[in-house]
Amino acid sequence: MNVGPGFKLTHLQAMLLFALAISIAFGFLSRRKPIERVKYIVWSLFLFLLIGVGIGWAMYPFSR
Amino acid sequence: MAGETSAPAVPQQDSRRDRIAFAIGVAGWLVPGLGHALMKMWGRAVACFLTVGVLVILGAGMRGNVFNSSGNDAFDSLGYLADLGTGTFYVLARALERDGSDVSRAEGDYGTRFLATAGVLNLLAALHAYEAARGRKA
């Protein structure tokens, strides 16, 4: 099986998938109750995206 | 006398529990989620298996760099250690990437990060399973 060139993701899509996977893993590992897990996952995902986009914009003036 | 005979039982139990905890940690490293599954923590087991699996498949699919033992510098060696953290999924990543890596494109570079993150995440999960088996946290 070769999935080689199969995945063509934009930077934003890659960041979304990465943040989602890590948030889910962290949420399940660090919290026990389902509602706490959901809260943690949503909050963690939001912060991942906010900080990612924020750092992107912070680098924009130096990108050229 | 009864106290003298029962006293060594506690360290022996601790030693046995440590050995079991170590085995659970190693199992969790070899197969993502297996350590938690052995302790019947099904939600965590499935979450670890799926997140590590998805990251490995995406990373290999984006033709990220799967490092090997013959690295040229410290970064290659660290990358190899991180990739090894996925346990048996390291073999899966190599099998999926028959054409080798392509980090000349942005996707390949992202894929390298996905693979390394999958390994580190799995090591964290295995350590969590080990600690839970020792009764330190759950």
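**Exercise 1. Determine what share of the residues of chain B count as buried, and describe the overall form of the chain.**

Solution. In this predicted model, 46% of the 138 residues of chain B count as buried. The next step is to look at the secondary structure, where chain B has 7 helices and 0 strands, so that its elements, read from the N terminus, run α-α-α-α-α-α-α. The radius of gyration of chain B is 19 Å, whereas the globule rule gives 14 Å for 138 residues, and because the former is well over the latter, the chain is more spread out than a compact globule. Along its principal axes, the C-alpha trace of chain B spans about 75 × 35 × 20 Å. Finally, among the contacts in chain B with a separation of 6 or more, 72% are accounted for by residues 24 or more positions apart.

**Exercise 2. Work out how helix H4 (residues 42–61) and helix H7 (residues 106–133) of chain B pack, and which residues make the contact.**

Solution. Two packed helices are described by the angle between their axes and the distance between the axes. For H4(B) and H7(B), the angle is about 160 degrees and the axes are 7 Å apart. Because angles over 145 degrees count as roughly antiparallel, H4(B) is roughly antiparallel to H7(B). As to handedness, H4(B) passes H7(B) in a left-handed crossing. The residues that make the contact include B:Cys48, B:Val52, B:Leu55 and B:Gly59 of H4(B), and B:Gly111, B:Phe114, B:Leu121 and B:Ala125 of H7(B). Sorted by class, the contact of H4(B) with H7(B) has 11 nonpolar, 5 polar and no charged residues.

Definitions and conventions: Residues are numbered from 1 along each chain as its sequence is written. Chains are lettered from A and ligands numbered from 1 in the order in which they are written. This is a predicted model: local features need pLDDT of at least 70, side-chain atom pairs count only at pLDDT 80 or more; totals for chains, interfaces and linings use all residues. Axes are lines fitted to C-alpha atoms, for helices over the stretch in contact, and angles run from 0 to 180 degrees between N-to-C directions. Helices (H or I, at least four residues) and strands (E, at least two) are DSSP runs, numbered from the N terminus. Angles under 35 degrees count as roughly parallel, over 145 as roughly antiparallel, 65 to 115 as roughly perpendicular and the rest as oblique. A crossing is left-handed if the near helix is turned anticlockwise from the far one by less than a right angle, and right-handed if clockwise. Two residues are in contact if their C-beta atoms, placed from the backbone, lie within 7 Å. Ala, Val, Leu, Ile, Met, Phe, Trp, Tyr, Cys and Pro count as nonpolar, Asp, Glu, Lys and Arg as charged, and the others, Gly among them, as polar. The radius of gyration is taken over C-alpha atoms; the globule rule is 2.2 Å times the number of residues to the power 0.38. A residue is buried if 20 or more other C-beta atoms lie within 10 Å of its own, exposed if 12 or fewer, and partly exposed in between; C-beta atoms are placed from the backbone.
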